[in-house]
Amino acid sequence: MTDVAERLAALHAEAFDAAWDAWAFESLLDQAGVHLAEDPDGFILMRTVADEAEILTLAVRPGARRRGLGAELVACGAADAAARGAMRLFLEVSEDNAAARALYARAGFLEVGRRPRYYARADGSRRDALLLALDLTARLP
């Protein structure tokens with residue numbers, strides 16, 4: 001197990017109730033097209049394939065939220081994906097995650113689909129996942 005995978009898993013556990021373990025991060029980091037941008041208080045993990053990119057996860061330590069780090073990581077990830085040839089950037093976000101939805105809306109993401117009852121909650125309820133997309137070609141010079 002790499003130190004990177006363990007570090008990402010620990011930060012992810014601080015940020016999410018249903019956190020990914022170090023093995024999940026190790027597996028993702030070994031895949032082609034996966035790239036990471038990190039800060040001591042957060043990270044964005046993405047995958048770029050052909051002309052599309054996907055945010056796999058974005059995590060910011062709870063004590064570091066509302067200071068612009070999430071927006072910086074999204075901007076960095078979008079620029080990296082565009083540099084790798086991606087024309088659109090996708091992600092999924094829970095319909096009840098108002099803070100994340102606001103972050104992505106400010107970054108220019110638009111809702112392009114919905115996955116009904118995608119996210120399971122500890123209380124047994126389920127929430128829809130919103131599929132969001134950002135046109136990276138609009139950002140190119």
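Trainee: In which helix is the place of Leu69?

Mentor: In this predicted model, Leu69 has its place in helix α3.

Trainee: What makes Leu69 count as buried or exposed?

Mentor: The relative accessible area of Leu69 is 11%, and buried means under 20%, so Leu69 is called buried. Leaving aside neighbours within four places in sequence, Leu69 is in contact with Asp39, Asp41, Gly42 and Val60. The C-alpha atoms of Leu69 and Phe43 are 9.0 Å apart in space, although the two residues are 26 residues apart in sequence.

Trainee: Why is Cys76 called partly exposed?

Mentor: Cys76, which lies in helix α3, has a relative accessible area of 41%; the class in between runs from the buried limit of 20% to the exposed limit of 50%, and therefore Cys76 is partly exposed. Along the chain Cys76 and Ala18 are 58 residues apart, and their C-alpha atoms are separated by 25 Å.

Trainee: What makes Leu29 count as partly exposed?

Mentor: The relative accessibility of Leu29 is 26%, and buried requires a value under 20% while exposed requires one over 50%, so Leu29 counts as partly exposed. Leu29 has its place in helix α2 and, not counting residues up to four places away in sequence, touches Val4, Ala5, Leu8, Val34 and Leu45. From Leu110, which is 81 residues apart from it along the chain, the C-alpha atom of Leu29 is separated by 27 Å.

Trainee: At what angle do helix α1 and helix α2 pack, and why is α1 called oblique to α2?

Mentor: Helix α1 (residues 3–15) and helix α2 (residues 22–29) pack at an angle of about 125°, and their axes are 8 Å apart. That makes α1 oblique to α2, because roughly perpendicular covers 65 to 115 degrees and roughly antiparallel begins over 145. The crossing in which α1 passes α2 is right-handed.

Trainee: Which residues meet in the contact of α1 with α2?

Mentor: From α1 come Val4, Ala5, Glu6, Leu8, Ala9 and His12, and these meet Ala22, Phe25, Glu26 and Leu29 in α2. By class, this contact of α1 with α2 has seven nonpolar, one polar and two charged residues.

Trainee: How many residues has the largest nonpolar core, and which have the most contacts inside it?

Mentor: The largest nonpolar core has 26 residues, and Ile55, Leu58, Leu89, Tyr104 and Phe109 are those with the most contacts inside it. Two or more residues each are given to this core by β2 (42–49), β3 (52–60), α3 (69–83), β4 (88–94), α4 (98–106) and β6 (126–135), and the largest share, five residues, comes from α3. A second, separate core of 13 residues includes Leu8, Ala9, Val34 and Leu45.

Trainee: With which residues is Ile55 in contact, leaving aside its neighbours within four places in sequence?

Mentor: On that basis Ile55 is in contact with Ile44, Leu45, Met46, Leu89, Phe90, Leu91, Tyr104 and Phe109.

Trainee: How do you know that Arg66 counts as exposed?

Mentor: Exposed means over 50% relative accessible area, and Arg66 stands at 80% relative accessibility, so Arg66 counts as exposed. Arg66 has its place in the loop between β3 and α3, and its phi is near 65°, a positive value in a residue other than glycine.

Trainee: Why does Arg117 count as exposed?

Mentor: At 53% relative accessibility, Arg117 is above the limit of 50%, and therefore Arg117 counts as exposed. The place of Arg117 is in strand β5 (residues 110–120), where it has a positive phi of about 55° although it is not a glycine.

Note on methods. Residues are numbered from 1 along each chain as its sequence is written. This is a predicted model: local features need pLDDT of at least 70, side-chain atom pairs count only at pLDDT 80 or more; totals for chains, interfaces and linings use all residues. Side-chain values use heavy atoms; hydrogens and water are left out. Axes are lines fitted to C-alpha atoms, for helices over the stretch in contact, and angles run from 0 to 180 degrees between N-to-C directions. Helices (H or I, at least four residues) and strands (E, at least two) are DSSP runs, numbered from the N terminus. Angles under 35 degrees count as roughly parallel, over 145 as roughly antiparallel, 65 to 115 as roughly perpendicular and the rest as oblique. A crossing is left-handed if the near helix is turned anticlockwise from the far one by less than a right angle, and right-handed if clockwise. Contact means heavy atoms within 4.5 Å. Ala, Val, Leu, Ile, Met, Phe, Trp, Tyr, Cys and Pro count as nonpolar, Asp, Glu, Lys and Arg as charged, and the others, Gly among them, as polar. A nonpolar core is a set of buried Ala, Val, Leu, Ile, Met, Phe, Trp, Tyr and Cys residues joined through side-chain atoms within 4.5 Å. Buried means under 20% relative accessible area, exposed over 50%, partly exposed in between (1.4 Å probe, protein chains only).
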